[in-house]
Amino acid sequence: GTNRMNVYTVRKATQGLANYIIKRGTQSKGVAIAFDSRRMSPEFSDEAARCLAANGIKAYIFESLRPTPELSFALRTLGCTAGIVVTASHNPAIYNGIKVFTRGGRDADQEQTQEIENYIRNVEADIEAGKAVPRMDYEEAKNAGLVVEFNPLNEYIDSIISRINMQAIRDRGLRVALDPLYGVSQTSLKTILSIARCEVETIHERHDTLFGGKLPAPNATTLRPLQNYVLDRYCDIGIATDGDADRIGVIDDTGRFLHPNDILVLLYYYLVKYKGWSGPVVRNVATTHMLDRVAESFGQECCEVPVGFKYISAKMQETDAVIGGESSGGLTVRG
């Protein structure tokens, strides 16, 4: 709800997560924290770090605005027991929230989410009974080594480049238009594309907590300026991301919006047909059944799950699927 996200909400949520971690005995592994460009996101992430530190849990906090996928990477690389992203993702600027990730960089599944929510409710009961949520001074926590500011950008980009045929992109000489929708993806994407020798032009890249007064979701309506830019500047492709950069939108060289349903089908077909991968595909109930037919044509299964990316990632881990995604633009590839 509007203005429901404040320092008190953050304290309750973080303390609930801390209690969950302590109960499981994994507090020594630490928690990674990232934040997006929304109003108060940096302050909320600092508040979460202070609460974790007061519970004896080391907090690895990003030095600057970073995309959610980089948090997943950092969590896996550092071996953290959990991760937090302060964001409301693709929702309007008046909202904010917390996304929780678990070991390996995967978003918390339904069972974990419910368990953490139960701990948060217990914290709320403790607060009503007069018990305060512990917090540590930020600088004091840094000096004690309980808060560590870090920036894994180079390692993150190297990990992506190692999985891509960069030479094929260099040989093509692409002109690419980027639209981060005033979000957090421009540094990573621009760096990767520049290394691939693409000519990169970016719109809507300034830090704007109100996202230009528009919804930070890469859909056919919000990407009309990118469509016009691709056509006016004769770009080969336009790429857009949502507020925290875990959803994608694509404009082709004719100015056509490629729906995430199309992107999912194209990627799955490409990975199986041309890269030689093998395995099922995962989609939610609101995503194209064309994936079912493509999977069947390769003798593979298409697994259907409820709406919510935690169901996608859980099913992918269970089935070792090639790709999973939703019609809203969120997707992930094996590995």
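A residue is called buried when its relative accessible area is under 20%, exposed when it is over 50%, and partly exposed in between (1.4 Å probe, protein chains only). The structure is a predicted model, in which local features need pLDDT of at least 70 and side-chain atom pairs count only at pLDDT 80 or more, while totals for chains, interfaces and linings use all residues. Residues are numbered from 1 along each chain as its sequence is written, and side-chain values use heavy atoms, with hydrogens and water left out.

**View A. The salt bridge between Arg 206 and Asp 208.** Asp 208 is buried because its relative accessible area is 12%. Over the whole structure, a search finds 20 salt bridges.

**View B. Arg 283 and Glu 304 joined by a salt bridge.** The N to O distance is 2.8 Å. This pair links distant parts of the chain, with Arg 283 in strand S12 and Glu 304 in strand S13 (residues 302–305), 21 residues apart. Helices (H or I, at least four residues) and strands (E, at least two) are DSSP runs, numbered from the N terminus. Arg 283 has a relative accessible area of 2% and is therefore buried, whereas Glu 304, at 45%, is partly exposed.

**View C. A salt-bridge network of Arg 11, Glu 47, Arg 50 and Arg 135.** These four residues are joined by salt bridges that share partners. Because Glu 47 lies in helix H2 and Arg 11 in helix H1, their pair ties together parts that are 36 residues apart in sequence. Both Glu 47 and Arg 11 are buried.

**View D. The largest nonpolar core, with 28 residues.** Such a core is a set of buried Ala, Val, Leu, Ile, Met, Phe, Trp, Tyr and Cys residues joined through side-chain atoms within 4.5 Å. Among the residues with the most contacts inside this core are Ile 21, Val 31 and Leu 52. Elements that each supply at least two residues include helix H1 (7–24), strand S1 (31–35) and helix H2 (41–54). Leaving aside neighbours within four places in sequence, Leu 52 is in contact (heavy atoms within 4.5 Å) with Thr 14, Ala 18, Val 31, Ile 33, Ile 57 and Ala 59. A second, separate core of 12 residues includes Val 265, Leu 271, Val 272 and Val 322.

**View E. Aromatic pairs.** Rings of Phe, Tyr and Trp (its six-membered ring) pair if their centres lie within 6.5 Å; planes under 30 degrees apart count as stacked, over 60 as edge-to-face and the rest as tilted. By this rule there are seven aromatic pairs. Phe 62 and Phe 150 form an edge-to-face pair, 4.9 Å centre to centre with 65 degrees between the planes. Phe 62 belongs to strand S2 (residues 59–62) and Phe 150 to strand S6 (residues 147–150), 88 residues apart. Phe 62 is buried at 3% relative accessible area, as is Phe 150 at 13%. The ring centres of Tyr 269 and Tyr 274 are 6.3 Å apart with planes at 70 degrees, so this pair is edge-to-face. Tyr 269 is partly exposed at 35%, whereas Tyr 274 is exposed at 57%. Together with Tyr 270 and Phe 298, these two tyrosines form one aromatic cluster.

Note on methods: A salt bridge is a side-chain nitrogen of Lys or Arg within 4 Å of a carboxyl oxygen of Asp or Glu.
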